[in-house]
Structure formats: structure tokens, C-alpha cells
Amino acid sequence: MADASSGNFWEDNPHAAQESQWTSDPFIASTIYRRISNGESEGHWIGWLFDKLRSERTFGRMLSIGCGVGDHELAMGRLNPEAMVEAFDFSAASVEIASRKALDEGLTNVRFFQGNFNTIELEPGAFDLILCSGSLHHVRELEHLLGQVRSALAPGGVFVVNEYVGDCYNIYGKEQVALLTSLLDGLPPSLRHAASYPVPTIEQVFDRDPTEGVRAKLIPDFLRIYFQNVDERRLGGTILHPIFPFINVDAFRDQPDFHQAYMNLLIELDGQLIADGKSDFSFFICR
């Protein structure tokens with residue numbers, strides 16, 4: 001979503017981020033939300049976040065970077081009716097959908113506009129909270145954007161990042177691919193969408209979206225360079241995220257006991273990988 005070539009993909013597919021979303025599964029979602037909240041909540045992380053942060057300060061003006069079709073930002077507006085929520089995305093199609101949702105809901109405190117991650121200039125000291133959720137891994141010019149974010153935060157402001165931080169371009173190492181392949185191959189054909197786990201070439205990644213995970217693996221280190229206080233919660237996703245689009249979830253739900261057992265297996269494996277220091281997603285609260 002950060003440049004013209006990727007913009008073509010997101011213009012044509014504004015809902016792509018919601019399709020085959022791993023946290024659409026209730027077992028996965030409750031696990032990820034517990035990991036985000038350090039076990040405090042199984043509810044969606046946006047609600048938990050503001051319950052936590054409002055005990056520390058009030059929020060008058062907030063910014064979301066890479067809003068997509070606006071679901072998180074609308075939730076922020078509902079939870080903070082006295083605050084102004086501003087949000088931008090490279091994709092004009094996404095901004096149009098998000099703006100229409102806000103209008104239909106009558107949310108006058110949420111405003112969407114089009115902007116480029118790599119060149120945006122933000123008003124210094126303007127925002128009490130800045131959010132990146134699933135967008136920072138599309139940013140090529142991390143140094144520019146993070147410098148702008150740091151400058152744009154008001155005194156005591158918070159930068160919240162919920163992000164993919166795994167291998168760049170989502171091209172995984174041999175051990176991860178081998179594990180994904182064995183887990184998918186272990187399912188009967190009726191419960192999977194692929195004969196085996198597909199490994200994209202770099203050319204295929206570029207053809208779809210050349211900014212996908214472009215500098216993802218550098219994000220944790222960059223956040224610690226630009227912010228003095230970084231609280232990281234590792235979420236996993238090393239197994240859960242890449243395998244989920246290839247599972248026939250509808251067929252799973254016709255077999256609820258097997259569905260729960262298989263998801264619990266994946267969640268347990270994911271947790272073991274976190275313990276071993278491997279996590280493809282992290283949640284950060286930066287100050």
C-alpha cells in the first residue's frame with residue numbers, strides 16, 4: 001500500500017486484509033488477545049487497549065497509519081467519542097469505503113484521508129496516540145515514518161504497533177516451511193485448500209504486492225532505536241498465520257471437536273516457538 005505498484009493491488013482488493021484472516025477463528029482470536037493483554041482479556045485488543053490507557057491519560061487527537069477499510073478506527077471513534085480520530089491509507093478505494101462506513105454510522109469524530117507512508121509529513125506534537133496495525137510491514141522508508149511518528153506525538157503520547165515482524169516478503173526459512181508443510185499434509189484433502197503448502201518466489205511476491213513484508217524483520221530493532229520505552233508482547237503467528245488461508249475452515253466447523261483439537265495443536269506449537277524465541281507477530285506499546 002505504500003507505493004504506486006502496491007497501490008494497484010490494494011485499489012483492486014481493498015478487503016484483502018480481512019480475507020482469510022487468521023484471527024477470524026475464535027480459538028486463535030482469544031489466544032492472540034490474551035497474548036496482547038498479558039492474560040487480562042480475551043476480548044478484542046482495541047477495547048482492552050483503551051481500558052488500559054485511559055487510566056493513564058485522556059486522548060484528544062489520535063492518528064491511525066494504514067487504516068485500510070477503517071474497522072479499527074471506527075472502533076476507536078466509538079470508544080472515544082470526545083476524541084478526534086484521523087486515519088490515512090495509500091489506497092483511495094480503502095479510504096472511500098472507510099469514509100462511507102463512518103458516514104453511515106454517523107461517526108463525525110473519525111476522518112479518513114489518502115496519504116503515502118513513505119513521504120507523509122505529520123504535524124509535530126499533535127497526537128496523543130498513533131496506531132499502526134498491520135501496516136508498518138508495508139513501509140519501505142521506516143526511518144522517515146518512525147521519525148515523523150516520534151515528532152508527531154504529544155508529550156506523554158503513545159505509539160501502538162500490532163504488526164507482522166517475520167521474514168521479509170513472507171518468504172520463510174526451510175525449517176518453518178517444512179513444519180507448515182507437514183501440518184498441512186497431515187489434513188485430509190477435504191479440510192485443506194492446497195495439495196501442499198505453497199512457497200512463493202520473490203517474483204510472485206513482487207507481482208502481487210512488492211511492499212509485502214518489505215522490511216518487516218527490522219521493525220522491532222527500529223522501534224527500539226526511535227523510542228526510549230518499548231513494551232513488546234510476542235504473539236506468535238509463525239504457524240497460525242501462514243497456514244490459516246489453506247485450511248478449509250467451513251469444513252472444520254462441521255466437525256467442531258476436530259476443529260477445536262486441531263486449532264489447539266497449532267496454538268500449542270505456536271506457543272512453543274514463542275518460548276524458543278520465534279514469533280512472526282508482535283504487539284508494541286512505545287513511549
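## A first look at a pocket, some cysteines and a strand pair

The lining of the second largest pocket is made up of 2 nonpolar, 4 polar and 5 charged residues. Welcome to this structure, which is a predicted model. The points below cover that pocket, then the cysteines, then a pair of strands.

**The second largest pocket**
- The volume of the second largest pocket is about 170 Å³.
- Among the residues lining this pocket are Val165, Gly166, Lys217, Pro220, Glu232 and Arg234.
- Its lining also includes Gly277, Lys278, Ser279, Asp280 and Ser282.

**Cysteines**
- A disulfide is a covalent bond that links the sulfur atoms of two cysteines.
- Searching the whole structure turns up 0 disulfides.
- For Cys168, the closest cysteine sulfur belongs to Cys132 and lies 17 Å away, so the two are too far apart for a bond.
- Cys168 is partly exposed, and its relative accessible area is 27%.
- Cys286 also has its closest cysteine sulfur in Cys132, at 9.7 Å, which is too far for a bond because a disulfide needs the sulfur atoms within 2.5 Å.
- Cys286 is buried, with a relative accessible area of 0%.

**A parallel strand pair**
- Strand S2 (residues 84-89) and strand S3 (residues 110-114) run parallel and are joined by 5 bridges.
- Within the pair, Glu86 stands opposite Arg111 in S3.
- Side chains in a regular strand alternate between the two faces of the sheet.

How values were computed
Residues numbered from 1 in each chain as written. Predicted model: local features only at pLDDT ≥ 70, side-chain atom pairs only at ≥ 80, totals over all residues. Heavy atoms only, no water. 1 Å grid on protein atoms, 1.4 Å probe; cavity = no way out; pocket = protein on both sides within 12 Å on 5 of 7 lines; lining within 4 Å. Points joined across faces, edges and corners; volume = space filled by probe spheres on them. Nonpolar A, V, L, I, M, F, W, Y, C, P; charged D, E, K, R; others polar. Buried < 20%, exposed > 50% of the residue type's maximum accessible area, 1.4 Å probe, protein only. Pairing = 2+ DSSP bridges. Helix = DSSP H or I, 4+ residues; strand = E, 2+ residues; numbered from the N terminus.
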